[in-house]
Amino acid sequence: MNDFVYNNPVKVYFGKDQLQHLGSEVSKFGKRVLLTYGGGSIKKTGLYDRVMEVLKASGLEVFEMSGIEPNPRIETVRRGAGMCKEHEIDVILAVGGGSTIDCSKWIAAGACVDFDPWDFFGKNVVVEKALPLVTILTLAATGSEMNMGGVISNLETKQKMGRASVHLFPKVSFLDPTLTYTVNQYQTACGSADIMSHIMETYFNPNESMYMIDSFMEGMMRTVIKYAPIAYNEPENYEARANLMWAGSWGISPLPRTFQKHAWSCHPMEHELSAFYDITHGLGLAIITPKWMRYCLSEENVDRYVQFGVNVFGIDATLEPMEIAYTAIEMLEDFLYNQLHLADTFTKIDIGDEDFEAMAYKACGGNSIKGFVELDKEDIEAIYRMCL
């Protein structure tokens, strides 16, 4: 059994009335606040006014940066980092989903350096310092509110890259499930697919695991499968929204990944998809994941599929292993495509095969993805073609 180090320093306020603590928590880090958010939905829902009221009542000076994209771009990181330097910002408050939080993490890092923030990605420069970050989550999906990673796109180079650093953990995150009531059906479905993929990327592990960790991941996957359709059909169902939100936070947190030794496969394949076509991340994962599972299945790894099918979907354990494996994949497809109504092929979202070779090369870094099953460029192209 592998040794590991566990560290998750994020303080979480979970529930309906927790924003009352926002002013006191933000004030711990200074007086000058950069408020970051996306396209302005927080103004339509009234959340913006609530946040500003609390911040001003606490005597905080607020500067604003809006317009963070669904696939946040390096230009936006540069703009935010410049604002932090210009206004001598003490703390960043990110209000939104994973894109806003991811972007804000790299703004926090970029504000502390004199070089181009893309160097953190393109040159793999190590983060040594970042401004403190507080988050208010409005979409259950990426888990960025409780982890140390963030993904940024560079449309000029057609790259979408994720990096992580202990300096990027939020200091405090506010998780109020009622703030996700206004998330539409499509984004609820995409967010749920993203949560499911985060857990599965870790669960399908070629190395040893731990019964406790496996059981934890299986429970989270059952939670998403149970509550995502309810949230889809009943957007103001608090129980459903709360379960999805908490599963999203834990799904990609350090806890399930304590035994993570292998690379993820579906995420790098999808990152190239959204880098080239700027599609919703969760949708890309929903299309790719079942095809990846079919491509990777073999007699050597079927036991993991059996455990997944029996413990997550409740398939009869007395069936033949391969039957269980294929049934599990079919039940995952039913969940994604019939219950959450997501597209099941690239063709349905107007993506052809013209970029597959370039995407596959970038996904594996010109070598291979050493994941659940090692995949080289030709393997990745084959999976993309299964998605047509």
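Helix H3 (residues 47-57) lies across strands E2 (32-36), E3, E4 (91-96) and E5, and runs at about 150° to E3. Helices (H or I, at least four residues) and strands (E, at least two) are DSSP runs, numbered from the N terminus. Angles run from 0 to 180 degrees between N-to-C directions, and axes are lines fitted to C-alpha atoms, for helices over the stretch in contact. Helix H5 (residues 98-110) also packs on the sheet, where it touches E2, E3, E4 and E5, and its direction makes about 165° with that of E4. Contact here means heavy atoms within 4.5 Å.

This is a predicted model, in which local features need pLDDT of at least 70 and side-chain atom pairs count only at pLDDT 80 or more, while totals for chains, interfaces and linings use all residues. Residues are numbered from 1 along each chain as its sequence is written, and side-chain values use heavy atoms, with hydrogens and water left out.

**The sheet**

- Let's start with the strand order: six strands form an open, parallel sheet that reads E1-E8-E5-E4-E2-E3.
- Strands E1 (11-14) and E3 (61-65) stand at the edges with a single partner strand each, so one side of each has no neighbour in the sheet.
- From one strand to the next, the twist averages 20°.
- Two strands pair if DSSP finds at least two bridges between them.
- Strands of a sheet pair through backbone hydrogen bonds, either parallel or antiparallel.
- Strand E5 (residues 133-137) pairs with strand E8 (residues 172-175) in the parallel sense over four bridges, and Ile-136 stands opposite Phe-174 in E8.

**Strand E2 and its partners**

- E2 pairs with E3 in the parallel sense over five bridges, and Arg-32 stands opposite Glu-61 in E3.
- E2 is also joined to E4 by four bridges, and these two strands run parallel; here Thr-36 stands opposite Ala-94 in E4.
- Four of the five residues of E2 are buried, so the strand is largely enclosed by the rest of the structure.
- Buried means under 20% relative accessible area, exposed means over 50%, and partly exposed is in between (1.4 Å probe, protein chains only).

- Ser-104 lies in helix H5 and is buried, with a relative accessible area of 0%.
- Not counting residues up to four places away in sequence, Ser-104 touches Thr-36, Ile-68, Ile-92, Ala-94 and Leu-133.

**Helices H8 and H9**

- Helix H8 (residues 211-233) and helix H9 (residues 238-251) pack at an angle of about 140°, and their axes are 9 Å apart.
- Residues of H8 in this contact include Phe-216, Met-220 and Tyr-227, while those of H9 include Glu-239, Leu-244 and Trp-250.
- Sorted by class, the contact of H8 with H9 has eleven nonpolar, three polar and two charged residues.
- In this sorting, Ala, Val, Leu, Ile, Met, Phe, Trp, Tyr, Cys and Pro count as nonpolar, Asp, Glu, Lys and Arg as charged, and the others, Gly among them, as polar.
- Ala-231 is found in helix H8 and counts as buried at 1% relative accessibility.
- Leaving aside neighbours within four places in sequence, Ala-231 is in contact with Thr-188, Ala-240, Arg-241 and Leu-244.
- Ala-231 and Val-183 are 48 residues apart along the chain, and their C-alpha atoms are separated by 9.5 Å.

**The nonpolar cores**

- A nonpolar core is a set of buried Ala, Val, Leu, Ile, Met, Phe, Trp, Tyr and Cys residues joined through side-chain atoms within 4.5 Å.
- The largest nonpolar core has 103 residues, and those with the most contacts inside it are Trp-292, Phe-308 and Tyr-384.
- H8 gives the most to this core, with ten residues.
- Among the residues touched by Trp-292, not counting those up to four places away in sequence, are Phe-204, Met-269, Phe-372 and Ile-383.
- A second, separate core has 22 residues, including Val-26, Val-51, Leu-60 and Val-91.

**Two loop residues with positive phi**

- Most residues other than glycine have a negative phi, and most peptide bonds are trans.
- Asn-124, in the loop between helix H6 (119-122) and E5, has a positive phi near 55° and is not a glycine.
- Asp-278 also is not a glycine, yet has a positive phi of about 55°.
- Asp-278 sits in the loop between helix H10 (266-277) and helix H11 (281-296), and is partly exposed with a relative accessible area of 36%.
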